[in-house]
Amino acid sequence: MKSFQVSVSIISDADIVTARQQARELAKTFGFSSSELAVIAAAISELARNIVSYAKKGTIFVKLIQEQGKKGVLIVAEDQGPGIPDLHLAMQDGYSTMNSLGLGLPGVKRLMDTFEIQSTVGQGTAVTAKKWVM
Amino acid sequence: MKVPILKQGNILIATIQSALTDQDLISLKDNLSHQVIQHRSHGVVIDITELDVMDSFSTRTLRNIASILKLRGADTVIVGMQPDVAFAMVQLGLTLPNVKTARDLEEGLTLLK
Amino acid sequence: MEKDTESEPTSSYAYNLMKEMKLDEEEILHRKAWLEFEEPDVNRLLELNDMAQGYATEVIESLYDHFLKFDDTKKFFEDPQVLNRVKNLQKKYFLRLTNGNYDDQYIQERIKIGSVHASIGLDVKWYLGAYGFYLRAVGKRIFKAFKSNPEKALESYFSLEKLVYMDIGLAIDTYIYQREATIKIQQEAIRELSTPVLQLREELLILPIIGAIDSQRARQLTEQLLHAIRDKRAKVVVIDITGVPTVDSRVANHLVQTVDASRLMGATLIITGLSAEVAQTLVTIGVDLAKINTVGDLQGGIEEAERILGYHVTKSLEDDSK
């Protein structure tokens, strides 16, 4: 049976590899070019690593979507970690709290067509992003 | 999956596979750091032809590897980066400044001679 | 209802076209409402059917006589076999107007007609003229048949006219839709052609960019170039942007990205043809040009590329060459 979504729980750095491989396989069935697949894999890698580094555990959810005749993928990265105190600051290039994030979030925003982030201190963070097939 | 390291003359060749975890990269850093001294190598080629993605962590780690090896007396060349990987990397805002790059293993080896 | 033995099955092509053009049930009802095409119209048209059976052949014959008088339409019917076949189809099409049941199937048939006309290159004016001819031929006969009841004649004629306008709307929309689809395909082809990656010699590629660059084109360009670097094993690439009218910060950033990505792959990029105005703009908007290897013109760029590749190009003297 053909599946239209994958969900990967992220606990260790090996899960980062699993998430990006599964997302890539899924997106491939939808007609993304090889260059777009690399972009999707890179975005998922960044999001999954944020989860491992800051929240310790969370989920990466990837789904094939169709809207107004466009095809694309929806990526949701969710965790119940400490949350980000200053979102505005986190979305600036070069921001890092553990000297490991760096370009993470703004980079992902640049890679994707839509990008939304919600974060509550003490409750967690959710990133929702979409990428359309060109 | 551990990254295999081959010795060819006074050059070390590390060949990275596609399913590279953060841990694999950190071990690679430690192993290369040891082996350049052990084998008195003056150059290291890291072949990433098989790698299908580079993110901020792998970019930073490769950069660190090059810096550490420099301090240990060896030059590093990254070879074989795929077009799609390179494009996604620069869109993320990542580059490898001050790290030598070459098209393939052969050219990397020539560069270190 | 319909004696379906002779009617052509509508192709799945027309069905797909109908879906693509978003002609769903709601849209069809919407169109009918706009034309005030209602149940009494259907009944009036059905009433005309018997009469239409009687004069169909005559009307078709006169229509084709008319066609054959004009070179533009005549050229489609030079083969008598084709002419015969088309006449038969036309008759069926004609009788279908008074057949009732103006449903999905009907819409598909009409779309197919539009699509066939578009694909053989029959201009809309001929199609419209032929429909006008139909209306006059049939109108005359309706008024003659209902001579004692001119009001009924007019009503029947209006019903037919409404349906004909619906047909025309569908056919023209199909024309436009198909033409737009063709334009889109051509635009893509032009875009690909407009950025040829040329191999000048071993390990050296040239990419002359002509025309405006938007984000999408810039992305395609970079993608194409990076793949060419790998596939052709290029070491140096010269990008000439003499033909690019405006370079704004977005385009400049794409150039910087392309330079960076090429370097990551082990290749060097040289940019030529940066005009004085463009250079000034870039400095003013603060683009980091330090990374970009620029050379004034294409010739200089090629010379620089050859130097990097270790070529030494000299003019051979006629007498002592070799």
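I began with the contact of α1(B) with α2(B), where Asp22(B), Leu25(B), Lys29(B), Leu32(B), Ser33(B) and Val36(B) of α1(B) meet Phe57(B), Ser58(B), Thr61(B), Asn64(B), Ile65(B), Ile68(B) and Leu69(B) of α2(B). Two residues are in contact here if their C-beta atoms, placed from the backbone, lie within 7 Å. I am reading a predicted model, in which local features need pLDDT of at least 70 and side-chain atom pairs count only at pLDDT 80 or more, while totals for chains, interfaces and linings use all residues. Residues are numbered from 1 along each chain as its sequence is written, and chains are lettered from A and ligands numbered from 1 in the order in which they are written.

Next I looked up the geometry: α1(B), residues 22–38, and α2(B), residues 56–71, pack at an angle of about 5 degrees with their axes 10 Å apart. Axes are lines fitted to C-alpha atoms, for helices over the stretch in contact, and angles run from 0 to 180 degrees between N-to-C directions. The two helices α1(B) and α2(B) are therefore roughly parallel to each other (an angle under 35 degrees).

Helices (H or I, at least four residues) and strands (E, at least two) are DSSP runs, numbered from the N terminus. Of the 134 residues in chain A, 38% are buried (20 or more other C-beta atoms within 10 Å of a residue's own, all placed from the backbone).

I then turned to where chain A touches chain B, a contact that takes 22 residues from chain A and 18 residues from chain B. On the chain A side, α1 (13–28), α2 (34–55) and α4 (104–111) each supply at least two residues, and α2(A) gives the most, with 9 residues. That side divides into 8 nonpolar, 8 polar and 6 charged residues.

Lastly, I checked chain B against chain C, where the contact takes 14 residues from chain B and 16 residues from chain C. On the chain B side, α3(B) gives the most, with 6 residues, and the residues of that side divide into 9 nonpolar, 3 polar and 2 charged.

Conventions. Nonpolar A, V, L, I, M, F, W, Y, C, P; charged D, E, K, R; others polar. Buried ≥ 20, exposed ≤ 12 C-beta atoms within 10 Å, placed from the backbone. Parallel < 35°, antiparallel > 145°, perpendicular 65-115°, else oblique.
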